[in-house]
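Visitor: I would like to learn how to read a pocket, a strand and a helix in a model. Please walk me through one.

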Amino acid sequence: MDWLEVTVVTHTESVEAVSEIFMEIGAKGVSIEDPLDYDQLNQEQLEWLSVERKSLYETDEVFVKAYFQPNQWNDGMTETVTNRVQELKSFGLTIGKGIVTLQTVGEADWAEAWKKYYFPVRVTRYLTVVPSWLEYQKQQEDELLIRLDPGLAFGTGTHPTTQLSLAALEQYVRGGESVLDVGTGSGVLSIAAKLLGASTVTAFDIDEMATRVSKENISLNPEVGEIAVYENNLLQGIQQPSDFIVANILAEILLMMPVDAYHNLNENGVLILSGIIQSKAEEVRSAYENAGFTLKQQLTMGEWNTFVMTKVKD
């Protein structure tokens, strides 16, 4: 069976947002080709990969490719995707060229060809994200492996916002804590929290596709045990006070959550907010400080910010 491959030429900042656009309109799979992923590898990982950059990437452009059955697509959808990509600029994201192209590919092309762009990535001191189909041996005894299937979309742990979230979890989780993961996507942060010692993790996402994907990725990591995953709009209607809340979503969405986050975080608990582009950082910080949080630490990578905040006693 042939598939329709829809490609957006974009920028690193927008790869996860573009991926979500595709999944919302019914994509059967999404792949990301971003040379920055290769550039961030350390020497040990480069030796393990044994592939030169030019063999993987013909240009420095970033491509997000989605796959649809031909009967899913119509001319109006091309315009819809183009307009939604352009709208990302209003969120402060750099979208690159923002060009949308279409081509037909065979079953084998879409099922296998994208895999060459994914490889084990050490994202923090202890955490390494490993594509599920690869055999990978720990490089050190205390290395923690997060196995994901990037073919299910929603990111692979290499995006700056995800790396910053993982770094914050690694720094603050001590073991035995309860965690709420808001906007879980691939489930990578939930899996990491459990590997780092959290006792209970509950994940939420408004998108049914995301909850299904996260459950499948959790099943690839049986050592983490049970992680509850629910379809829900942020923390609306949730009454589950926890020691940690982590949310890696766009700043505009984070601005909808300060009050619910405050009510669901235990006293002296830790709130990790990621996905915050520099132009929105002050607005997000003010909204959460006004809700009663205190900024403990700010992590940055390029234009991206992650806030680590604590709850101030009523």
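Visitor: By class, how many nonpolar, polar and charged residues does the lining of the largest pocket have?

Guide: First, the ground rules. This is a predicted model, where local features need pLDDT of at least 70, side-chain atom pairs count only at pLDDT 80 or more, and totals for chains, interfaces and linings use all residues. Residues are numbered from 1 along each chain as its sequence is written, and side-chain values use heavy atoms, with hydrogens and water left out. Now the lining: 19 residues are nonpolar, 14 polar and 9 charged. Here Ala, Val, Leu, Ile, Met, Phe, Trp, Tyr, Cys and Pro count as nonpolar, Asp, Glu, Lys and Arg as charged, and the others, Gly among them, as polar.

Visitor: What volume does the largest pocket have?

Guide: About 920 Å³. Among its 42 lining residues, Glu 20, Glu 24, Ile 249, Leu 250 and Ile 253 are the closest to the centre. A pocket is an open set of points on a 1 Å grid over the protein atoms alone, where a 1.4 Å probe fits, with protein on both sides within 12 Å along at least five of seven lines; lining residues have an atom within 4 Å of a point. The volume is the space filled by probe spheres set on the points, which are joined across faces, edges and corners.

Visitor: Which helix gives the largest share of the lining?

Guide: α1, with 6 residues. Helices (H or I, at least four residues) and strands (E, at least two) are DSSP runs, numbered from the N terminus. Domain 1 (3–116) and domain 2 (161–311) each supply at least three lining residues; these bounds come from an automatic or database assignment.

Visitor: Now a strand. Which residues of β6 are buried on each side?

Guide: In a regular strand the side chains alternate between the two faces of the sheet. In β6, Leu 127, Val 129 and Pro 131 are buried on one side, Thr 128 and Val 130 on the other. Buried means under 20% relative accessible area, exposed over 50%, partly exposed in between (1.4 Å probe, protein chains only).

Visitor: Which strands pair with β6?

Guide: β5 runs antiparallel to β6, with 2 bridges. β7 pairs with β6 in the parallel sense over 5 bridges. Pairing takes at least two DSSP bridges. Thr 128 is the partner of Arg 122 and also of Leu 145 in β7.
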